[in-house]
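Me: Hi! I've got a model open and would like to talk it through with you. Could we start with the overall picture and then go to single residues?

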Amino acid sequence: MARTNFEQLLEAGCHFGHLKRKWNPAMAPYIFMERNGIHIIDLNKTVVMIDEAADALRQLAKSGKKILFVATKKQAKDIVADKASGVNMPYVIERWPGGMLTNFPTIRKAVKKMATIDKMINDGTFSNLSKREMLQVTRQRAKLEKNLGSIADLTRLPSALFVIDVMKEHIAVSEAVRLGIPVFAIVDTNSNPKDIDFIIPANDDAKDSIEVILSACCEAINEGLSERKAERADEKAAKEQEEVAEDAKPRRQRRQRKEEKVEEAAKEAPVAEETPAAEAAVEEAPAAE
């Protein structure tokens, strides 16, 4: 069953592209027609490509991998923050810090610095600073929280990127391509889809368009997380059963060994031998004539 349908995307305005003079010829396969100087996106292809992207995202989530959402444009910030946090995925909605992927260890140091400041506040070290130092540290903490707070749990490179505007987030896309990280993206008619692994041709400016596509994708991610949780619960139950069986196994083995010893003892018991007196009587008896 399709995660979206033609009418739903049409109502959200996903079919509106950019002006004809701003188009990128590489998007020609996804353009249905031109009307009043504006390109119209073929929503039939969009429905299919949303399903493909959603299935891939579900598999990533099922494998326990992280997907980093990137959207620094004003109309997409709140939607991405809401949807990504709803499925416990990292996101970037402020300025993309250059080298975030290609120089990831440095970004992790900045995140650890934020954790260090929190530790200072909790253990009382912060209160021993002068007013000026306290103000500087507080401002630094607020800046780090604004730019990197949403990726605090990202301890390693993400397994995929989900980008809202390919042109605006071209630095993020180029870093992902350089590292071989697959890119999912909503691609408008003015963008180049060359470096995108999972293209979703749609309007990347309208809030409704962004929300309907993200809802379908995040729902797929949530399904993957639920499947992973169910699998882990089954594995845990199976492991517990194995442990119970292993605990019972030594008892069975000990009982079996005991029975085997009893049988061996019975077999090895000495047979009653004839006495020497009986043997002599037999020898002295006269032979039958």
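Me: How many helices and strands are there in the protein chain?
Reply: The protein chain has 8 helices and 8 strands. Keep in mind that this is a predicted model.

Me: Thanks. What percentage of the residues is buried?
Reply: Of the 289 residues in the protein chain, 38% are buried.

Me: What share of the contacts with a separation of 6 or more is between residues 24 or more positions apart?
Reply: Such pairs account for 64% of those contacts in the protein chain.

Me: Let's turn to helix packing. At what angle do α4 and α5 pack?
Reply: Helix α4, residues 104-123, and helix α5, residues 131-148, pack at about 130°. Their axes are 10 Å apart.

Me: Why do α4 and α5 count as oblique to each other?
Reply: The cut-off for roughly antiparallel is over 145 degrees, and roughly perpendicular covers 65 to 115. With an angle of about 130°, α4 and α5 are therefore oblique to each other.

Me: Is the crossing left-handed or right-handed?
Reply: α4 passes α5 in a left-handed crossing.

Me: Which residues meet there?
Reply: From α4 you have I107, A110, V111, K113, M114, I117 and D118. They meet V137, Q140, R141, L144, E145 and L148 of α5. By class, the contact of α4 with α5 has 8 nonpolar, 4 charged and 1 polar residues.

Me: What is R141 in contact with, leaving aside its neighbours within four places in sequence?
Reply: R141 is in contact with M114, I117 and D118.

Me: Where is N36 found?
Reply: N36 is in the loop between β2 (31-35) and β3 (38-41). N36 counts as exposed, at 74% relative accessibility.

Me: And what about phi of N88?
Reply: N88 has a positive phi as well, near 60°, and is not a glycine either. You'll find N88 in the loop between α3 (74-86) and β5 (91-92).

Me: How far apart are A61 and N222?
Reply: They are 161 residues apart in sequence, while their C-alpha atoms are 7.7 Å apart in space.

Me: Last one: where is S209 found?
Reply: S209 is in helix α7, residues 207-267. S209 is buried, with a relative accessible area of 0%.

Me: Which residues does S209 touch, not counting those up to four places away in sequence?
Reply: S209 touches A12, G13, C14, A202 and N203. For I186, 23 residues from S209 along the chain, the C-alpha separation is 9.7 Å.

Conventions
Residues are numbered from 1 along each chain as its sequence is written. This is a predicted model: local features need pLDDT of at least 70, side-chain atom pairs count only at pLDDT 80 or more; totals for chains, interfaces and linings use all residues. Side-chain values use heavy atoms; hydrogens and water are left out. Axes are lines fitted to C-alpha atoms, for helices over the stretch in contact, and angles run from 0 to 180 degrees between N-to-C directions. Helices (H or I, at least four residues) and strands (E, at least two) are DSSP runs, numbered from the N terminus. Angles under 35 degrees count as roughly parallel, over 145 as roughly antiparallel, 65 to 115 as roughly perpendicular and the rest as oblique. A crossing is left-handed if the near helix is turned anticlockwise from the far one by less than a right angle, and right-handed if clockwise. Contact means heavy atoms within 4.5 Å. Ala, Val, Leu, Ile, Met, Phe, Trp, Tyr, Cys and Pro count as nonpolar, Asp, Glu, Lys and Arg as charged, and the others, Gly among them, as polar. Buried means under 20% relative accessible area, exposed over 50%, partly exposed in between (1.4 Å probe, protein chains only).
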